[in-house]
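Me: I would like to learn how to read a few features of a structure. Please show it to me.

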Amino acid sequence: MLVVLVHIHVKTDLVDAFQAACVENARNSLLEPGVARFDVLQQQDDPTNFTLVEIYRSPEAPAAHKQTAHYKKWAETVADMMAAPRYSVKYANVFPEDESL
């Protein structure tokens, strides 16, 4: 498993549109065989901050994800909604065991 946390700061007036685009992308991402989870989180005390929790079944799955039509649509849609460039941090899964995901 590969866990990727994507941190995104969104322009204040575009929070609702950004959230909607992320939910659409996440729903479609869950249909990919290489995706175990795809969560969209919004910070409670600052709703302009989002974290995408992307859990992939293999190291190759993120590249396959980025080739999908729904990812390309998301990336194009949200490009101008961000207040700063997004960044990601990659993690190895420790618990629960990969087989349970």
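Me: What volume does the largest pocket have?

Reply: This is a predicted model, in which local features need pLDDT of at least 70, side-chain atom pairs count only at pLDDT 80 or more, and totals for chains, interfaces and linings use all residues. Residues are numbered from 1 along each chain as its sequence is written, and side-chain values use heavy atoms, without hydrogens and water. A pocket is an open set of points on a 1 Å grid over the protein atoms alone, where a 1.4 Å probe fits, with protein on both sides within 12 Å along at least five of seven lines; lining residues have an atom within 4 Å of a point. Volume is the space filled by probe spheres set on the points, which are joined across faces, edges and corners. Here the largest pocket has about 230 Å³. Its lining has 16 residues, and the closest to its centre are Val4, Val6, Glu54, Lys66 and Ser88.

Me: Is Tyr87 buried or exposed?

Reply: Buried means under 20% relative accessible area, exposed over 50%, and partly exposed in between (1.4 Å probe, protein chains only). Tyr87 has 51% relative accessibility, so it counts as exposed.

Me: And how is Glu97 classed?

Reply: Glu97 is partly exposed because its relative accessible area is 45%. From C-alpha to C-alpha, Glu97 is 9.2 Å from Met1, although the two are 96 residues apart in sequence.

Me: Which peptide bond is cis?

Reply: The bond from Phe95 to Pro96 is cis, with omega near 0°.
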